[in-house]
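Me: I am new to this one. Please show me the structure, then let me ask about its parts.

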Amino acid sequence: MSASSATSADNVVAIRLVADLAALVAHLDRCALAANTVSAYRRQAVAYRDWVLARAAEHADAFVDVVGVEAAVTAWRRHLLAAGASPATVNQALAAVTLLYEHGPGLRLAVKRARVPKPGAPEALSRAQENAVRRAADRRGPRDAALIAVLLGAGARAEECQRLRVGDVPITPRSGTARLHGKGDEVRTVPLPVPAREHLAAWLQVRAELLAARPALADAVGDGLWASQRGRLSVDGVTDVVRAVGKDAGLPGLRPHRLRHTYATRLREADADHAQIQALLGHTSIETTVRYFRASATEVADLVDRALDY
């Protein structure tokens, strides 16, 4: 393809994407969806837009017909899985893009969803993996060590962790809690274990010194708990920290939700009951919590070994 043809394809794709993204945003504004869901769909649609624009020459027919659309979206699906995205994240992204095409050019997709693991105990980190993650976070500095400690010690979702303010984590050497703003504006307060309190105390001291030395950054961060180079850490920033820590710990593709699964699994291992775990995780349905009481493959194998050890 000549340079002029490639530029023309870029322009066509860019114009269509702008119009279709605007149509999707208008549709989402009319829907009675949770704010987090709307935000996630917008974020995924923008990510797809950027990905397609970077490959406009390859996918010039991404808005011509269903064949071209499905080829582009299938390629994006492969890209997400190769980048380490979880099946749930990939399927959320595909749902967003399906809406993008449905409310833009009026095309319906038939792209295969990512396979979600069969029901069972959600995949938690092993004790060795958890220790490796904590050590990797410690090596990255006080902020990342505190962030990982909060995710592992409070079971916070990425959005809940990002929304924390300094006033939400009152801590002393002997006690401490985290006030988490969850789905549907539900708020819950969970106790923080010693490692989380110690790492938060260290980060709060560093944070105070950092913001005192950089007044402009202090204005941008406000009372937000997590500071980045330019202001408050974003939800994507929280995920980036977790992924970077996971890579350093030998766990590429690590996501915040796996740390939440680990938190719930540790509670179950300590004999917490369904109601306690439901309250601490902020689940609206006990059915969601019940997953943590299903035996994992490792536990089943251990049971068989013990029961049939003749």
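Me: At roughly what angle do the axes of helix α6 and α10 cross?
Reply: This is a predicted model. In it, helix α6 spans residues 142–154, and its axis comes within 10 Å of the axis of α10. The two count as roughly perpendicular, because their crossing angle lies in the band from 65 to 115 degrees. The axes cross at roughly 95°.

Me: Which residues of α10 meet α6?
Reply: From α6 come Arg143, Asp144, Leu147, Ile148 and Leu151. By class, this contact of α6 with α10 has seven nonpolar, no polar and two charged residues. On the α10 side, the residues are Val238, Val241, Val242 and Val245.

Me: Arg243 is found in helix α10. What is Arg243 in contact with, leaving aside neighbours within four places in sequence?
Reply: Helix α10 covers residues 235–248, and Arg243 is found there. Arg243 is partly exposed, with a relative accessible area of 28%. Its C-alpha atom is separated by 5.1 Å from that of Leu254, eleven residues apart along the chain. Beyond neighbours within four places, the contacts of Arg243 are Ala83, Leu254 and Arg255.

Me: At what angle do helix α2 and helix α3 pack?
Reply: Helix α2 is made of residues 35–54 and helix α3 of residues 66–82. Their axes are 11 Å apart. The pair counts as roughly perpendicular, because the angle falls between 65 and 115 degrees. The packing angle is about 105°.

Me: How many nonpolar residues does the contact of α2 with α3 have?
Reply: Helix α2 brings Gln44, Ala47, Tyr48 and Trp51. Helix α3 brings Ala72, Val73, Ala75, Trp76 and His79. By class, two of the residues in the contact are polar and none is charged. The nonpolar count is seven.

Me: How many salt bridges does a search of the whole structure find?
Reply: Side chains of opposite charge can pair when their charged atoms come close. A search of the whole structure finds eleven.

Me: How many residues apart in sequence are the parts tied together by Arg127 and Glu269?
Reply: The side chains of Arg127 and Glu269 meet in a salt bridge, at 3.2 Å from N to O. Arg127 lies in helix α5, residues 127–140, while Glu269 lies in helix α11, residues 256–269. The pair therefore ties together parts at a sequence separation of 142 residues.

Me: Is Arg266 buried or exposed?
Reply: Arg266 forms a salt bridge with Glu269, where the closest N and O atoms are 3.4 Å apart. The two sit three residues apart in helix α11, so about one helical turn separates them. Glu269 is partly exposed at 40% relative accessibility. Arg266 has 14%, which counts as buried.

Me: Which residues do salt bridges with shared partners join into one network with Arg266 and Glu269?
Reply: Glu269 has a salt bridge with Arg127. Glu269 also has one with Arg266. Besides Arg266 and Glu269, the network holds Arg127, Glu130 and Arg134.

Me: What is the relative accessible area of Glu160?
Reply: Arg188 counts as buried at 10% relative accessibility. Buried means under 20%. Glu160 is buried too, and its value is 2%.

Me: How far apart are the C-alpha atoms of Ala264 and Leu281?
Reply: Ala264 lies in helix α11. At 0% relative accessibility, Ala264 counts as buried. Leu281 is 17 residues away along the chain. The two C-alpha atoms are separated by 7.6 Å.

Me: Which residue has its backbone oxygen 2.7 Å from a polar atom of the side chain of Thr98?
Reply: Thr98 has its place in helix α4, residues 87–103. Thr98 counts as buried, at 18% relative accessibility. The backbone oxygen at 2.7 Å belongs to Leu94.

Me: What percentage of the residues in the protein chain is buried?
Reply: The secondary structure of the chain comes to 14 helices and two strands. Among contacts between residues at least 6 apart in sequence, 61% join residues at least 24 apart. Of the 310 residues in the chain, the buried ones make up 42%.

Key. Residues are numbered from 1 along each chain as its sequence is written. This is a predicted model: local features need pLDDT of at least 70, side-chain atom pairs count only at pLDDT 80 or more; totals for chains, interfaces and linings use all residues. Side-chain values use heavy atoms; hydrogens and water are left out. Helices (H or I, at least four residues) and strands (E, at least two) are DSSP runs, numbered from the N terminus. Buried means under 20% relative accessible area, exposed over 50%, partly exposed in between (1.4 Å probe, protein chains only). A polar contact is a pair of N or O atoms within 3.5 Å; within protein, one must be able to donate a hydrogen and the other to accept it, and residues adjacent in sequence count only if both atoms are side-chain atoms. Axes are lines fitted to C-alpha atoms, for helices over the stretch in contact, and angles run from 0 to 180 degrees between N-to-C directions. Angles under 35 degrees count as roughly parallel, over 145 as roughly antiparallel, 65 to 115 as roughly perpendicular and the rest as oblique. Contact means heavy atoms within 4.5 Å. Ala, Val, Leu, Ile, Met, Phe, Trp, Tyr, Cys and Pro count as nonpolar, Asp, Glu, Lys and Arg as charged, and the others, Gly among them, as polar. A salt bridge is a side-chain nitrogen of Lys or Arg within 4 Å of a carboxyl oxygen of Asp or Glu.
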